[in-house]
Amino acid sequence: MKPRVELLAPAGSVESMVAAINAGADAVYMGGSRFGARAYADNPEEDSLLWAIDYAHLHGCKLYLTANTLVKEGELGQLFDFLLPYYRQGLDAAIVQDMGVFALIREKFPDLPVHASTQMTVTGYRLAKKLKAMGATRVVPARELSLKEIARIRQQADIEIETFVHGALCYCYSGQCLLSSLIGGRSGNRGRCAQPCRLPYGAGGAGQKPTGLLSMKDLCTLDILPDIVESGVYSLKIEGRMKSPRYTAGVVSIYRKYLNLYLEKGRGGYHVLARDRDMLLKLFDRGGFTQGYYQKHNGRDMVVLGGKPSFREADQALLERLDQEYVDRKKQEPINGKLAVREGEPASLWLEGGGTQATAFGDLVQTAKNQPMTGEKLFRQLNKTGNSPFYFRQLETELSGNCFLPVQSLNQLRRRGMEQLEQSILMPYRRRCLPVPQEGPSLFSSTKEGRPGVRNAPGRAGAKEGEGERPRFHVSLEGPEGLEAVALHPDVALACIDSCGFPAEKWGWAVRACHKAGKKCALALPYIFRTKAEQYFLDHLTCLKDAGFDELLLRSLEEGEFLREHGVEVPWVLDANLYAMNHLAASALSDKGVLRLTLPLELNARELAELSLWPAGSQGWEAVVYGYLPAMVTAQCIQRTTGKCTEGPGVLYITDRAKKRLPVKKHCRFCYNIIYNPEPLSLLGQGHLVEKLEAAALRLQFTIETPQQIQAVLDAYAGCFYHGKEAPDLFAAFTRGHWKRGVE
């Protein structure tokens, strides 16, 4: 049986949507005026989007709404009213990143399909199964996955898979990028990415010319389209909501051609013509194409490096053809009709199309005083379908008697009939059930105490008698060098060692060292949990269970499902990249076994204080107050791009246009790089605002610091937060992150 496949096109505007459908798209995805991941696209307002939903359905297509941004607490109240009219109109699905948005839709719009966005960083079948159990009908896995990994998700999770087949690639795992946010306050998680990865960066010694080191070539998968389909992918997604209707039309038409070729003739008849690849490059060329990650983990040939090609003249003939065939063409669907005109009776028009029928009645047919009407004249007049969405494939006329009917009456009958047929086609999409409106911020709370003003964190460990409650100091380490300084520091309650920098053979040693010093010990799991990480933890499962960890810090929801599957019963803390930007997300993430959530890094102090009023896990919130923040987590390897992969961990630096040096750590154990912000986050001197969070723990994250620097930072924070000392001038340069400015 041949696979069922959907060609999914981008629509940054109504014009692009029309062009995509004309070019052969089976479905389109577009954003509304809010909550979409392309805030700067020409997104339609409500009336236009309602029209677009109907337009898609009249032409046999689906329309998916991108509601795939992280939503702040103060915005949740707008979400129900925003979605309601599109839900009623017949929206086919919502694409979602935020777990709070996911929860709201499942609760308030239970029959609206939800697609888990690639921003959720789904990297394995376990999370896909979890999302399916929560009500997702489709997942869009991380773009970095191989065909083998995608096939495993399809086989194990039995859920629809959607993957990108053409267009721009991000350098970072989607949903794991804070670079634009940290540099300029424009968050990719909020649909406002400024694409700083497209700027030139230098690597290596001074004087080296900056290049497009972080700029990925565009994805083009024409040659491996059969492999993608046969891996179990249902929906083939084209990127490009910021591009023109011409671009959309051209790319969709080419992929429609080759998808049809494969479905009709199979692999044996599948062959891609060079002129079609060339056409795609003429539409947009960032420096050549790549087949992306489907068949390789990373590579220098996937990166632009040399910069975008110099300007070349547009192919005017191509653009004019695209306009004529797709952009400006009026699309009409074929229908059958039968007109009955009988003297002395109302005229009637029966129409059939789109899987339904409609009958309209018109004015009374008069007796002709002069020359009676002919069937040919009736046919000619009725066949003028004008701007309607239909044209007559077959039209019969039945004329009985000496008949006369004014042209205006015929036109009205045709218009009435086509309107009735249109409504008959659209009626099955309409949703008549009315969801209960959102009645208050505590509606989706997971506990009775889930309301502002209620704290559920227990007394803070580490408080000395007479001092009252205070947050614990937790310290995360990416390498063993600083463990002694952390374990011996009197104001540290917990040391969290990173599995990237601490091999499994040292886990038990680290736990014993911490416990001997009266500290708890946690293990931080990797940011990306794919096949290599899964195998590592399977190989060292006994070490993990026997080490004696007090907590596990999770950076991927896939990890939680893995731990459950293998009976690892150590409590969890969820890191900041598992975003809880609102109380619904916090409630959804506060699963059984979750001790704490980490406050997100993109909210300002006021927004954090508002969010921290809500329960999170069994012990409340944890706040990051120091550290080089991860700006990008990427499958690419800077070392491999600029030279030869050494297959060993290490730190190198890249330089931006402002001459700032961004540290890059190679986490070879799990094969990803982390690019850090060039300056550390420091909240020294902000103790009065940090106190308002009433966090259960304050975390200091050490990444590239020496043991001496770790000791100095610990002493400074302890003195400032615990012992009433003035904040020392400790850093040559630092950032407050989003503590004051937040993001739009």
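# Briefing: aromatic pairs, sheets and cavities

The structure holds 23 aromatic pairs (Phe, Tyr or Trp rings, the six-membered one for Trp, with centres within 6.5 Å). This is a predicted model: local features need pLDDT of at least 70, side-chain atom pairs count only at pLDDT 80 or more, and totals for chains, interfaces and linings use all residues. Residues are numbered from 1 along each chain as its sequence is written, and side-chain values use heavy atoms, without hydrogens and water.

**An aromatic pair**
- Y247 and F284 pair edge-to-face, with 6.5 Å centre to centre and 85° between the planes; planes over 60 degrees apart count as edge-to-face, under 30 as stacked and the rest as tilted.
- This pair links distant parts of the chain, 37 residues apart. Y247 is in helix 9 (residues 245–265), while F284 is in the loop between helix 10 (274–283) and strand 12 (289–290).
- Helices (H or I, at least four residues) and strands (E, at least two) are DSSP runs, numbered from the N terminus.

- The order 16-15-14-18 describes an open sheet of four strands with mixed pairing; two strands pair if DSSP finds at least two bridges between them.
- Strand 16 (356–364) and strand 18 (390–400) each have a single partner strand, so one side of each is left without a neighbour in the sheet.
- On average, neighbouring strands of this sheet are turned by 15° against each other, direction ignored.
- Strand 15 (residues 346–353) runs antiparallel to strand 16, joined by seven bridges. L351 has A358 in strand 16 as its bridge partner.
- Helix 13 (residues 407–426) packs on the sheet, touching strand 14 (333–342), strand 15, strand 16 and strand 18; contact means heavy atoms within 4.5 Å.
- The direction of helix 13 makes about 155° with that of strand 16. Axes are lines fitted to C-alpha atoms, for helices over the stretch in contact, and angles run from 0 to 180 degrees between N-to-C directions.

- Five strands form an open, antiparallel sheet in the order 8-28-29-30-27.
- The edges are strand 8 (202–203) and strand 27 (630–634), each with a single partner strand.
- Four bridges pair strand 27 with strand 30 (residues 672–676) in the antiparallel sense. T634 stands opposite N673 in strand 30.

**Lining of the largest cavity**
- A cavity is a set of points on a 1 Å grid over the protein atoms alone where a 1.4 Å probe fits but cannot get out; lining residues have an atom within 4 Å of a point.
- The largest cavity is lined by 19 residues, with M120, L557, N577, L578 and Y579 nearest its centre.

Note on methods. On a 1 Å grid over the protein atoms alone, a cavity is a set of points where a 1.4 Å probe fits but cannot get out, and a pocket is an open set with protein on both sides within 12 Å along at least five of seven lines; lining residues have an atom within 4 Å of a point.
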